[in-house]
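Here is a short briefing on a predicted model.

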Amino acid sequence: MVADVREAAPDARPPAEKPEREAARGPAGDRVLTCPGYDNAIRWRPGERLEQLFERRCDWLHLVGWDNHLAVDALDLTLSYAELDGLANQLARFLVRRHGVRPGDRIGLLSDRAVDGYVGMLAVLKARAAYVPLDAAFPPDRLAYIASDAGVRLVLSRSHLAERIGDAAPVLCLDQVQDQVGAQSTDRLGPDEAGQPVSNLCYVIYTSGSTGRPKGVAIQHASICNFIRVADEVYGITCKDRVYQGMTIAFDFSVEEIWVPWMAGATLVPKPDGDRVLGRELHAFLRDRRVTAMCCVPTLLATLDEDLPRLRFLLVSGEPCPQDLVT
């Protein structure tokens, strides 16, 4: 998903401003979404890291006086961009000071709470480490295999999931150290505290293993930052959007649900923790939570039988999309 992507869009552009898009005819007569003046050049900047895209959006929102603008609107918790940034800074500082996390370390993320995943990803990257996303629905032997194969130094999790890793890697139960993490400063880590990056590795994500053992795919900051900037311009998500977030972070498609909206300053609306939502339940959730943008596979979309007037942006991928569903 992230290989050989070319991208555009300067940081100075307010998140609500997007280039005008037009539908063009491809060689086979298919309609192709294009941006006028799009030069297809690389927009990743040397040394740029994924967490910096989030931090810059936080800084922009502060600059324009939108400190209370929501990054996450969950059923049981809301977090502004500033609050989410602060929580991630606290956890990053705790990992560095109390657990010796160093640049280049690989840190596993295992939770059944969406917000844990958001804070964990940001914190690990702020500590100049790389994250390895794990799905709580994976069998224990698969979780242990991935942790071992990826060379995970530490797994961030919760008490009720800790045993699922076995002895493949040490587990830090976030619910047991909540007060210690909360005592840390919410300021961002400086270079002297976090250390200098030692590699361009951002995260390692594993394939499904349907043809054998799961295989780790190493994603570089250069590749994923380039992709996020491309998607930010082409998709047209804005800071006014409320984006449904329903996929596990162990599935790479979740990058489009999480990081692209953050790049635009939009609000994530995660599905209820632990629930599989589809059909009438999904329709009610999207309606009641005022969701305006959604990324999904055709199979999930096909379970929605009624219109959703607020839903203005729909990204469907991952599987062939039948013509009757398009219609």
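R153 is partly exposed, at 37% relative accessible area (buried is under 20%, exposed over 50%, partly exposed in between; 1.4 Å probe, protein chains only). Its salt-bridge partner is D105, with the closest N and O atoms 2.7 Å apart. A salt bridge here is a side-chain nitrogen of Lys or Arg within 4 Å of a carboxyl oxygen of Asp or Glu.

This is a predicted model: local features need pLDDT of at least 70, side-chain atom pairs count only at pLDDT 80 or more, and totals for chains, interfaces and linings use all residues. Residues are numbered from 1 along each chain as its sequence is written, and side-chain values use heavy atoms, without hydrogens and water.

**Salt bridges**
- The count comes to 16 salt bridges.
- D105 is buried, with a relative accessible area of 15%.
- D241 and R312 meet in a salt bridge at 2.6 Å, N to O.
- D241 is buried at 3% relative accessible area, whereas R312 is partly exposed at 47%.
- K126 and D85 pair at 2.7 Å, N to O, and both are buried.
- Shared partners join E55, D59, D85, K126 and R188 into one network.

**Positive phi**
- Most residues other than glycine have a negative phi.
- R128 has a positive phi of about 65 degrees and is buried, at 18% relative accessibility.
- R290 has a phi near 55 degrees and is partly exposed at 37%.

- L311 touches V291, T292, A293 and M294, not counting residues up to four places away in sequence (contact: heavy atoms within 4.5 Å).
- The C-alpha atoms of L311 and T292 are separated by 4.1 Å.
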